[in-house]
Amino acid sequence: MNTEEIQHIRADFPILEEKIYNKDLIYFDNGATTQKPCCVVEKIENGYYHLNANIHRGVHFLSQKATEEHEAARTTVADFLGAKKREEIIFTRGTTEAINLVATSFGEVFCEKGDEIVISVMEHHSNIVPWQMLCERKGLVLRVIQMNDKGELDIQNFKTLLNPKTRIVSVTHVSNVLGTVNPVAEIIKIAHEQNIPVLVDGAQAVPHVKVNVTELDADFYVFSGHKIYGPTGIGALYGKEKWLNQMPPYQGGGEMIQTVTFEKTTYNELPFKFEAGTPDYIGSTALAEALRYVEKIGISNIAAYEHELLVYGTQRLMEIDGMRIIGTATEKSSVISFLVDEIHPYDIGILLDKLGIAVRTGHHCAQPLIDSLGIPGTVRASFAFYNTKEEIDNFVAALKRVVTMLS
Ligand code: PMP
């Protein structure tokens, strides 16, 4: 994408014009959440102004229209992920809720005392803690795939962890700290040779990498709307029908039932069995709008441009004395975690903020990874397609000032 195209795209994101302490905002915290284009905000506004009525079962016009839009959004998500059936898409609050759903419900029927769950050293807390909770409840063992010095998963090590007691493998597609794009197709193939299902945490992948769950043969794939230019509080779980049909409901309530008596309740079919209560039907339609927006630009165009930003940003940052980039995988998305000498990442983050630059500092909800690296945390700059090389230049200039002040 050329400069003119990027400027055109930037005009869709009014927040990028904000001044922070009288400085131009440079938003490099896209790994935490992305900004929203006007079409997404307008979809939410329009939904509440013109389309608001509780969905499903309503006989009146607004309810039926809202139901149609919500169900059309499900189809959009299914198509976006390359799912074969729209019923395999469950709306959730996001990645975290989707993983909790699988850990709880899959764990309930498929795991017994002594069984094992495999995750990796670079997981976000949301792909660690739900499994740990399951392990505590059921007496299971958590096994962890290690990585090499570049921050790439050790596939040989992974193979040694699999055995007849392994019930599920749950790994991130892209690391939110290191930017590593994991070889999930290979991981799935290896696990499937032993009939072990795989959940892929796609929170950091879907905004940057073309995903096709059918080609990947993923058993579960999860993501959050807010990291792909959609609203907060909505995300999705893709699950193969064969698993979802065997799993019990996650929560009970309205919508997920077929019949209820005080003696016995029967459950609704997919996907409703897993969607208890009034769903976020405004959020789902706005998420679908975000996915259409991304597809209009094209994931391959986005990936190519963000790769340019990654290469340029890495090169420029390496000009700084004492710069240490954490995560140098060959396959990497547009995330740069770094440390400069012994300066604490928090101090860098605080001073960059005063210059209008939003980066994230700390353990990035991946404390075991940070601990395994023996570092206090990192400063993380994560780019989106609306960022520019000029912003990177201004960021590097600001960082040089900050480093001089703190050295
Ligand atoms: N997994 C990864 C890799 C993430 O980066 C994040 C968000 N930082 C999550 C899971 C959790 O996403 P959410 O908070 O939207 O549920």
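1. In strand 7 (residues 166-172), Ile168 is the bridge partner of Ile117. Ile117 belongs to strand 5 (residues 116-120), and three bridges join strand 5 to strand 7, the two running parallel. Helices (H or I, at least four residues) and strands (E, at least two) are DSSP runs numbered from the N terminus, and two strands pair if DSSP finds at least two bridges between them. The model is a predicted one: local features need pLDDT of at least 70 and side-chain atom pairs count only at pLDDT 80 or more, while totals for chains, interfaces and linings use all residues. Residues are numbered from 1 along each chain as its sequence is written, and side-chain values use heavy atoms, with hydrogens and water left out.

2. Strand 5 also pairs with strand 6 (residues 141-145), through five bridges and in the parallel sense. Glu116 stands opposite Val141 of strand 6. Between strand 5 and strand 6 the chain passes through helix 5 (residues 129-138), and this β-α-β crossover is right-handed (with the strands pointing away from the viewer, the path from the first strand over the helix to the second runs clockwise).

3. Five of the five residues of strand 5 are buried, so this strand is largely enclosed by the rest of the structure. Buried means under 20% relative accessible area, exposed over 50%, and partly exposed in between, with a 1.4 Å probe and protein chains only. Glu116, Val118 and Ser120 point one way from strand 5, Ile117 and Ile119 point the other way, and all are buried.

4. The open sheet of seven strands has the order 4-10-9-8-7-5-6 and mixed pairing. Its edge strands are strand 4 (89-92) and strand 6, each of which pairs on one side only. Neighbouring strands of this sheet are turned by 20 degrees against each other on average, direction ignored. Axes are lines fitted to C-alpha atoms, for helices over the stretch in contact, and angles run from 0 to 180 degrees between N-to-C directions. Within the sheet, strand 9 (residues 220-224) and strand 10 (residues 235-239) run antiparallel and are joined by five bridges. Val222 stands opposite Leu237 in strand 10.

5. Helix 3 (residues 61-81) lies across strand 4, strand 9 and strand 10, and runs at about 115 degrees to strand 4. Helix 3 also packs with helix 10 at an angle of about 40 degrees, the axes being 8 Å apart. The two helices are therefore oblique to each other (angles under 35 degrees count as roughly parallel, over 145 as roughly antiparallel, 65 to 115 as roughly perpendicular and the rest as oblique). Their crossing is left-handed; a crossing is left-handed if the near helix is turned anticlockwise from the far one by less than a right angle, and right-handed if clockwise. Residues that meet here include Ala66, His70 and Ala73 in helix 3 and Ser284, Ala288 and Leu291 in helix 10.

6. Ser284 lies in helix 10 (residues 281-297). Ser284 is buried, with a relative accessible area of 0%. Not counting residues up to four places away in sequence, Ser284 touches His70, Ala73, Phe91 and Ile234, where contact means heavy atoms within 4.5 Å.

7. An open sheet of four strands has the order 13-14-17-16, with antiparallel pairing. The edge strands are strand 13 (323-326) and strand 16 (360-362), each pairing on one side only. The twist averages 30 degrees from one strand to the next.

8. Strand 14 (residues 335-340) and strand 17 (residues 378-382) pair over four bridges in the antiparallel sense. Val335 stands opposite Ser382 in strand 17, and Ser337 has Arg380 as its bridge partner there. Strand 16 is joined to strand 17 by three bridges, also antiparallel, and the bridge partner of Arg360 in strand 17 is Arg380. Five of the five residues of strand 17 are buried, so strand 17 is largely enclosed by the rest of the structure. Thr378, Arg380 and Ser382 cover one side, Val379 and Ala381 the other.

9. Helix 12 (residues 345-354) and helix 14 (residues 389-406) pack at an angle of about 125 degrees, with axes 10 Å apart. That makes helix 12 oblique to helix 14. Helix 12 passes helix 14 in a right-handed crossing. Among the contact residues are Ile348 and Leu351 of helix 12 and Phe395, Leu399 and Val402 of helix 14.
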